[in-house]
Structure formats: structure tokens, C-alpha cells
Amino acid sequence: MVRYAEPGAVEWVESGGGPLIAVPETVLPFWAGADGDETASDYDRACEIDGFFGLLPVGDSAALVLGDEPASAAFLPDRSTFVRWGAADTEDELLAQVPTALATAVWENEVRWTVPGPVVLFDAAWPGTDSTGTDHVRVVLDPGSYAVRAARVQPGPETWIGLVQLRRL
């Protein structure tokens, strides 16, 4: 069993103030971020996502936007869950509450997300071609469809955790 708080066991991604986005590697060049001459940039589209998460078309695929607030996020592969740091004094405290949060979560409706393989989680303001040069994490996903659901949970008096869980279909 992984003890997440071991140094280097969890890689957190932070944004500069907007949403985080998980873009399939195969379509990273098609994500323009805040760049572009269009009236509404890709970043603007990501900012319009209402709620904990949403899907946006990118190339011939879709990206998963982690919306609601610009909280730091990490992916826990053994839980198939993006964990968002809402409130906690320490990483140890937050990660210790993940099992309770998952067990007590009141989940929103699921959506179906089809991915061609691994995705890269990064600040939606960055162009996909620059994503690996900034704060990011590569999430290994098998190609196929996933049910995505989200919840915001308070598993302790001073701990808030956002959860975006993937379930292979």
C-alpha cells in the first residue's frame, strides 16, 4: 500500500488562478490555452465550465476540466481519483482523510469520458505544447471509456477535499 505522504509519492499540480485541465497526450498540440486570436480562447472555454468538472472537445478527443476553484490537484492511481486540496493544515492530514472522503462522498451525476491513452494535467492557461515545461503531471490511463464523477467532502472538522473519480467502463 502506498503511503502518499512519503516524499515524492504524490505530485501536486497548481494553477495560476484558473482551472486545471487533463488533456490526452495525443491532442496536446491542439490545446492553445490562453493564446490565440479568437474571441474566446481555449482557456476561456475552460473557465466557463460550471461545477466540479466538465469535458471540452480538443482535436478529435476531449479534455477533462477540473473546475469550481483553482485548488491544487494530484492523481492517486490506486484510487483512480484526482484529489483537490480544499483545506487542510498538511499534506499528511489531507491524504490521510482520502479513504473517509471516498467512503462518505455524495457524488454528482456521472459523465462518460473516452480517452486514447495517457493524459497530462496542467494549468489550462498554458498551451498544450508548453505543458510539460510547467507544473504538470502525466496520468497513465488505458485507452477507452471512463465514468467520471465528482464530490466535495468534509471528512474532518478542518479538512475539505474535492474528488474527481474515474471508473473504467
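Trainee: Contact here means heavy atoms within 4.5 Å, so which residues is S131 in contact with, leaving aside its neighbours within four places in sequence?
Mentor: Keep in mind that this is a predicted model; in it, S131 is in contact with L28, V120, F122 and H136 once those sequence neighbours are set aside.

Trainee: And where does S131 lie?
Mentor: S131 is found in the loop that runs between β7 and β8.

Trainee: Is S131 buried or exposed, and why?
Mentor: S131 counts as buried because its relative accessibility is 0%, and the cut-off for buried is under 20% relative accessible area.

Trainee: Let me step back, then. How many helices and strands does the protein chain have?
Mentor: The protein chain has three helices and 10 strands, and if you read along the sequence they follow the pattern β-α-β-β-β-β-α-α-β-β-β-β-β. The radius of gyration is 15 Å, close to the 15 Å that the globule rule gives for 169 residues, so the protein chain is as compact as a globular protein of that length.

Trainee: What box do the C-alpha atoms fill?
Mentor: Taken along the principal axes, the C-alpha atoms of the protein chain fill a box of roughly 45 × 35 × 30 Å. Buried residues make up 49% of the 169 residues, and of the contacts with a separation of 6 or more, 65% are accounted for by residues 24 or more positions apart.

Trainee: On to confidence: what pLDDT does the protein chain average, and where is confidence lowest?
Mentor: The average pLDDT is 92, with 93% of the residues scoring at least 70. Going by element, confidence is lowest in helix α2, residues 91–96, where the mean is 93, and highest in β6, at 98.

Trainee: How many bridges join β2 to β3?
Mentor: Six bridges join those two antiparallel strands; within that pairing, L55 has L64 as its bridge partner in β3, and F53 has L66. The hairpin of β2 and β3 has two residues between the strands, and there G59 takes a positive phi near 55 degrees.

Trainee: And on the β1 side of β3, how many bridges are there?
Mentor: β1 and β3 run antiparallel and are joined by three bridges, with I21 standing opposite V65 in β3.

Trainee: Which residues point one way from β3, and which the other?
Mentor: S61, A63 and V65 point one way, while A62, L64 and L66 point the other way, and all are buried.

Trainee: L64 keeps coming up. What does L64 touch, not counting residues up to four places away in sequence?
Mentor: L64 touches L20, I21, A22, F53, G54, L55, F82, W113, V148, V164 and L166.

Trainee: Which residues have the most contacts inside the largest nonpolar core?
Mentor: That core has 23 residues, and those with the most contacts inside it are L64, F82, W113, L121, L141 and L166. Among the elements that give two or more residues to it are β1 (20–24), β3 (61–66), β6 (111–115) and β10 (159–168). Apart from it lies another core, of 16 residues, among them A74, A88, L102 and I161. In soluble globular proteins, nonpolar side chains tend to be buried together.

Trainee: Last one: what is the order of the sheet with β10 and β9 in it?
Mentor: This is an open sheet of five strands in the order β4-β5-β10-β9-β6, and the pairing is antiparallel. The edge strands are β4 and β6, each pairing on one side only, and the twist from one strand to the next averages 30 degrees. Within this sheet, β9 and β10 pair in the antiparallel sense over nine bridges, and the bridge partner of R149 in β10 is Q165.

Methods
Residues are numbered from 1 along each chain as its sequence is written. This is a predicted model: local features need pLDDT of at least 70, side-chain atom pairs count only at pLDDT 80 or more; totals for chains, interfaces and linings use all residues. Side-chain values use heavy atoms; hydrogens and water are left out. A nonpolar core is a set of buried Ala, Val, Leu, Ile, Met, Phe, Trp, Tyr and Cys residues joined through side-chain atoms within 4.5 Å. Buried means under 20% relative accessible area, exposed over 50%, partly exposed in between (1.4 Å probe, protein chains only). Helices (H or I, at least four residues) and strands (E, at least two) are DSSP runs, numbered from the N terminus. Contact means heavy atoms within 4.5 Å. Two strands pair if DSSP finds at least two bridges between them. pLDDT is the predictor's confidence in each residue, from 0 to 100. Axes are lines fitted to C-alpha atoms, for helices over the stretch in contact, and angles run from 0 to 180 degrees between N-to-C directions. The radius of gyration is taken over C-alpha atoms; the globule rule is 2.2 Å times the number of residues to the power 0.38.
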